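Please examine the sequence and the three-dimensional structure shown here.

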Amino acid sequence: DRNPNSGIIIYKGKEGKAPYRTLTPRECFMLMGFDESDFQHLIDTNFICRGKDFYSYGKLIKMAGNSIVVNVLEEIFKQVIYLNDKVI
């Protein structure tokens, strides 16, 4: 019952600790196909709202989860262009 549950990575941690860890927001964005520079720009432009970062840890993970995988979207557009040029 982890919140937010973006995923886990199984690894051998310290003895007596759970053998897994949750994904970081940066890892979530990388898995979704974003570049390191895109995530860094998001962090660099983060601003303070009511004494806290506007893009909190949880919000960043939700943002990654609410996006579409960049590579998949590119392939969808390629198919649309192909169908538009060759079929229609």
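The paragraphs below begin with the basis of the model and then turn to its fold and to selected residues.

This is a predicted model, in which local features need pLDDT of at least 70 and side-chain atom pairs count only at pLDDT 80 or more, while totals for chains, interfaces and linings use all residues. Residues are numbered from 1 along each chain as its sequence is written, and side-chain values use heavy atoms, with hydrogens and water left out.

The chain contains four helices and four strands; these are DSSP runs numbered from the N terminus, with helices being H or I of at least four residues and strands being E of at least two. Their order along the sequence is β-β-α-α-β-β-α-α. The chain is more spread out than a compact globule, because its radius of gyration is 18 Å, well over the 12 Å that the globule rule gives for 88 residues. That radius is taken over C-alpha atoms, and the rule is 2.2 Å times the number of residues to the power 0.38. The C-alpha trace spans about 60 × 35 × 25 Å along its principal axes.

Of the 88 residues, 14% count as buried, a class defined by under 20% relative accessible area, with exposed meaning over 50% and partly exposed in between (1.4 Å probe, protein chains only). Among contacts between residues at least 6 apart in sequence, 35% join residues at least 24 apart; contact means heavy atoms within 4.5 Å.

Glu15 is located in the loop between strand 1 (8-10) and strand 2 (20-22). With a relative accessible area of 85%, Glu15 is exposed. Glu15 and Gln40 are 25 residues apart in sequence, and their C-alpha atoms are 33 Å apart in space.

The loop between helix 2 (36-44) and strand 3 (48-49) holds Asn46. Apart from its neighbours within four places in sequence, Asn46 is in contact with Asp53, Phe54 and Tyr55. A polar atom of the Asn46 side chain lies 3.0 Å from the backbone nitrogen of Tyr55.

Thr45 also lies in the loop between helix 2 and strand 3. This residue is partly exposed, its relative accessible area being 40%. Where does the side chain of Thr45 reach a backbone oxygen? The side chain of Thr45 reaches that of Leu42 at 3.3 Å, and a polar atom of the Thr45 side chain lies 2.9 Å from the backbone oxygen of His41. Thr45 and Tyr55 are ten residues apart along the chain, with 9.5 Å between their C-alpha atoms.

Technical notes
Polar contact = N/O pair within 3.5 Å; in protein donor to acceptor, adjacent residues only side chain to side chain.
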